[in-house]
Amino acid sequence: PPALQRFLSVYDDLLPAGIKPRSILNGIDVMRFRPCRRRFEEVRAALGLETDHFVLLFCGRLDALKQPMMALRLFSELYRTMPNARLLVIGEGSEMTGMKAFVARNGLSNAVSFLGYRSDVAALYASCNGYLCTSLSEGFSLTTGEALASGVPAIVPSDEVFKTVYAECPAVSLCRLDASDE
């Protein structure tokens with residue numbers, strides 16, 4: 001594999017004798033996470049979403065490291081100019097109370113759905129138009145990979161890790177995130 005060859009070209013002489021590095025795949029089941037028009041329509045109907053809604057998905061722990069409040073602020077900006085936009089929030093965590101207060105305070109209750117923990121994330125990805133990742137720290141964003149495998153374009157932070165992993169991917173938009181809570 002190319003990544004292993006690049007690693008060995010740099011570090012091979014530093015490895016202890018007898019160590020044979022091997023590639024470990026990213027773990028995304030591309031048969032589970034794939035585009036599916038039938039799931040798109042079924043999930044949207046089950047969630048009360050119209051086919052003309054522009055649906056974004058945020059999936060992750062609702063804690064400071066994942067910056068779910070940033071996702072809400074970005075969505076709020078989009079919603080002002082695109083009232084058919086909707087945001088699905090999958091996950092649970094310490095930021096939930098503040099997120100719900102932000103949604104209520106900003107008149108987003110009809111546009112943001114808090115779905116909690118879900119085991120059917122593959123179907124939810126397949127029902128969306130875009131994926132939003134606002135994490136401060138990732139080694140490899142599994143959720144972004146799942147979204148892309150599902151045929152869903154992603155918006156991710158423009159940091160070194162995301163640039164390294166996704167800069168060449170035409171379905172990924174890198175964006176600078178302002179980490180302030182204002």
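Predicted model: local features only at pLDDT ≥ 70, side-chain atom pairs only at ≥ 80, totals over all residues.
A salt bridge is a side-chain nitrogen of Lys or Arg within 4 Å of a carboxyl oxygen of Asp or Glu. Glu146 is buried, yet it takes part in no salt bridge. Glu146 is placed in helix α6, which covers residues 142-149. Beyond the residues up to four places away in sequence, Glu146 touches Ile28, Phe33 and Tyr125.

The structure holds 4 aromatic pairs, and one of them joins Phe33 to Tyr125 in an edge-to-face arrangement, with 5.7 Å from centre to centre and 70° between the planes. Phe33 lies in the loop between α1 (2-11) and α2 (37-47), whereas Tyr125 belongs to helix α5 (residues 121-126), so the pair ties together parts that are 92 residues apart in sequence. Phe33 counts as buried at 3% relative accessibility, and Tyr125 counts as buried at 1%. Together with Tyr131, Phe33 and Tyr125 form one aromatic cluster.

In soluble globular proteins, nonpolar side chains tend to be buried together. Here the largest nonpolar core has 25 residues, of which Leu57, Leu88, Ile90, Tyr125 and Tyr131 touch the most other members. At least two residues of this core come from each of β1 (54-59), β2 (85-90), α5, β5 (154-157) and α7 (160-166). The most is given by α5, with 5 residues. Apart from neighbours within four places in sequence, Tyr131 is in contact with residues that include Leu56, Leu57, Phe58 and Cys59, as well as Tyr125. A second, separate core has 18 residues, among them Phe58, Leu62, Met96 and Val103.

Helix α3 (residues 68-81) comes next. This helix has 14 residues and reaches 21 Å from its first C-alpha to its last, close to the 20 Å expected at 1.5 Å a residue. Its buried residues are Pro68, Met69, Met70, Ala71, Leu72, Arg73, Phe75 and Ser76. The elements that cover them include β1, β2, α4 (96-105), β3 (112-116) and β4. In the loop between β1 and α3 lies Gln67, which has a positive phi of about 50° although it is not a glycine. Gln67 is buried, with a relative accessible area of 10%.

Gln67 is also one of the residues touched by Ser135, along with Leu65, Lys66, Pro157 and Phe162, when residues up to four places away in sequence are not counted. Ser135 lies in the loop between β4 (130-132) and α6 and counts as buried at 3% relative accessibility. Another serine, Ser173, is placed in strand β6 (residues 172-175) and is partly exposed, with a relative accessible area of 42%. With neighbours within four places in sequence left aside, Ser173 is in contact with Ala154, Ile155 and Val156. The C-alpha atoms of Ser173 and Pro157 are separated by 8.4 Å, the two residues being 16 apart along the chain.

The structure holds 6 salt bridges. In one of them, the side chains of Glu77 and Arg80 meet at 2.9 Å, N to O. Both residues lie in helix α3, 3 residues apart, about one turn of the helix. An α-helix has 3.6 residues a turn, so residues three or four places apart point the same way. Glu77 counts as partly exposed at 45% relative accessibility, while Arg80 is exposed at 61%. Within helix α7, Lys163 and Glu160 are likewise 3 residues apart, about one turn of the helix, and their side chains meet in a salt bridge of 3.7 Å, N to O. Lys163 is partly exposed, with a relative accessible area of 33%, and Glu160 is exposed, with 55%. A further salt bridge joins the side chains of Arg118 and Asp120 at 2.8 Å, N to O. Arg118 is partly exposed at 24% relative accessible area, and Asp120 counts as partly exposed at 29%.

How values were computed:
Residues numbered from 1 in each chain as written. Heavy atoms only, no water. Phe/Tyr/Trp six-rings, centres within 6.5 Å; stacked < 30°, edge-to-face > 60°. Helix = DSSP H or I, 4+ residues; strand = E, 2+ residues; numbered from the N terminus. Buried < 20%, exposed > 50% of the residue type's maximum accessible area, 1.4 Å probe, protein only. Contact = heavy atoms within 4.5 Å. Lys, Arg positive; Asp, Glu negative; His and termini not counted. Core = buried A, V, L, I, M, F, W, Y, C linked by side-chain atoms within 4.5 Å. Expected span 1.5 Å × (residues − 1).
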